[in-house]
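The sequence and structure come first.

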Amino acid sequence: VAAAFSVIGCSSPSSSAQASSPQDTDSGGCVGSACAAVLDGGTATPDAGEAGTTPAGTLAPLCSGNGGVGSPLPSGISLLYDGQGAASTYGATLVASGTEVFFGDQAVVRGIDVNDGSVTTYIDHSADSADFEVVAFAVDDQSVYFNDYGTSFGGMTGYGLARMPRAGAATPTTLLADTAIGNFTVAQGDGGFIYFEETDPTGDAGSAIERIPTTGGTPTVILRGVLGGVRSIAVGGGYVYFMSTIGVGSYSNLYVARVSTSAQAPGVDAGVGSDAGTDGGDADGGASVAPQGSELVATTGLETAGLAIDATNVYWGDEDKLMTATLAGGAPSMLAQADPIGGQLVMTAVIQGIAPAGNFVYWSSYGCQALRKSPIAGNAGATTVVPNVSAFSVAATATHTYFTVGTEQVLSGPL
């Protein structure tokens, strides 16, 4: 299980994991059972991003401008964590693994135990210099991985690409001291590797996709010349799937492509560089799509939702369409389509969060519409799981769905 996210927050390292009590005093919010007291009229203050003057002890309406949930909560919905405006979860990503749900805000990575409500803070940069930030995180059964941006600035040093054990407090172990790492993912079942984006260390145009053992070591470049940078990355079926823009500085369409996890990119002097692949594009980024050495899966519109993978398929959002393709290869297909956003001006509702679990894909769309599910087998439309909510990130287990809204609230709901 893995995930990556991009954030706006700033940071420099705080060094150890620690578990919080049901009242998370670091952020001034609540976790677990303490959130019930907040909803019942406790002393909590309104979140910073909430619209209007929400009284103490309540939460934002279900479809306020920030997508927050209301008080009382809808039937079947539980509030797992409320940061009370310490940071936004607009850019955060949820990961459900075992009995924990992990989330990251602008400077913090936390894990919530869904059984007892306790919270473990794995990395916390919220009180540190404004010249640092946590760029991405991922998890597997044993560890939490993250990377710092600005790992050496103003006399302060971060961890680079690092890992921490999920069990017990510890200082992060640096796997790669590098400030140029972007999105990454972890494939525990693929020999124990981290696959990551890096500004190409050879000086070639664009980004490179590389791998490194989860225990550390020397990175291997598996693909060069990702001209628009890596927007999203995931691993499955022996491939690294990635999303990028078509051409350099493109503000139009994007694409999904894949490269074998066992690939090894030739050196720049071999002449591959940023040349296009064999998908009909021109060389060096003109009308190119996937870089040479990779296989094009699909082209998309400008607004996309990041990649998600299960044992048989890869999923992504293309504007208002939930798309899928089998890991075995073949043409992509549409699983579902979001309803337009009504009003005086009808707008396209862009897919946001995607989480496959069991026989369904759980997904959300912007515009305070709903958290929905669609059968992986297709041809059955979508069923509403949680109505009237803008779920920015979605995760799912065998028993529950989990989602964030824009006021640093993490909630659980039914399947």
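Over the ring of which residue does the charged end of R258 sit, and how far is it from the ring centre? The ring is that of Y239, and the charged end of R258 is 3.7 Å from its centre.

This is a predicted model, in which local features need pLDDT of at least 70, side-chain atom pairs count only at pLDDT 80 or more, and totals for chains, interfaces and linings use all residues. Residues are numbered from 1 along each chain as its sequence is written, and side-chain values use heavy atoms, with hydrogens and water left out.

**Strand pairing**

- Helices (H or I, at least four residues) and strands (E, at least two) are DSSP runs, numbered from the N terminus.
- Two strands pair if DSSP finds at least two bridges between them.
- Strand β9 (residues 143–149) and strand β12 (residues 161–165) run antiparallel and are joined by five bridges.
- M164 in β12 is the bridge partner of V144.
- β12 is also joined to strand β13 (residues 173–176) by three bridges, and these two strands run antiparallel.
- L161 has L176, in β13, as its bridge partner.

**Aromatic pairs**

- Rings of Phe, Tyr and Trp (its six-membered ring) pair if their centres lie within 6.5 Å; planes under 30 degrees apart count as stacked, over 60 as edge-to-face and the rest as tilted.
- There are six aromatic pairs in the structure.
- One of them is Y81 with F103, where the ring centres are 5.0 Å apart and the planes stand at 50°, so the pair counts as tilted.
- This pair links distant parts of the chain, since Y81 lies in strand β3 (residues 78–82) and F103 in strand β5 (residues 100–104), 22 residues apart.
- Y81 is buried at 0% relative accessibility, and F103 is buried at 1%; buried means under 20% relative accessible area, exposed over 50%, and partly exposed in between (1.4 Å probe, protein chains only).
- F360 and Y362 form a tilted aromatic pair, with 6.4 Å from centre to centre and 55° between the planes.
- F360 is partly exposed, with 28% relative accessible area, whereas Y362 is buried at 3%.

**Charges over rings**

- A charge sits over a ring if NZ of Lys or CZ of Arg is within 6 Å of the ring centre and within 35 degrees of the ring normal.
- Besides R258 over Y239, the charged end of R211 sits over the ring of F193, 5.9 Å from its centre.

**Salt bridges**

- A salt bridge is a side-chain nitrogen of Lys or Arg within 4 Å of a carboxyl oxygen of Asp or Glu, and by this rule the count is four.
- R258 and E295 meet in a salt bridge, at 2.9 Å from N to O.
- That pair links distant parts of the chain: R258 is in strand β20 (residues 254–260) and E295 in strand β21 (residues 295–300), 37 residues apart.
- R258 is buried at 5% relative accessibility, while E295 is partly exposed at 36%.
- K321 forms a salt bridge with D320, and the closest N and O atoms are 3.7 Å apart.
- K321 is partly exposed at 24%, and D320 is buried at 15%.
- D339 and R372 meet in a salt bridge at 3.5 Å, N to O.
- D339 lies in the loop between β25 (333–337) and β26 (351–357) and R372 in strand β28 (residues 370–375), so the pair ties together parts 33 residues apart in sequence.
- D339 is partly exposed at 44%, whereas R372 is buried at 10%.

- A336 is in strand β25 and is buried, with 5% relative accessible area.
- In sequence A336 and R372 are 36 residues apart, and in space 9.8 Å, C-alpha to C-alpha.
- Neighbours within four places in sequence aside, A336 is in contact (heavy atoms within 4.5 Å) with D320, K321, L322, W363 and S374.

**A buried charge without a salt bridge**

- E198 lies in strand β15 (residues 193–199).
- E198 is buried yet has no salt bridge, and the nearest side chain of opposite charge, R224, is 8.1 Å away.
- For charge, Lys and Arg count as positive and Asp and Glu as negative; His and the chain ends are not counted.
- Leaving aside neighbours within four places in sequence, the contacts of E198 include D178, A180, I181, S207, A208 and E210.
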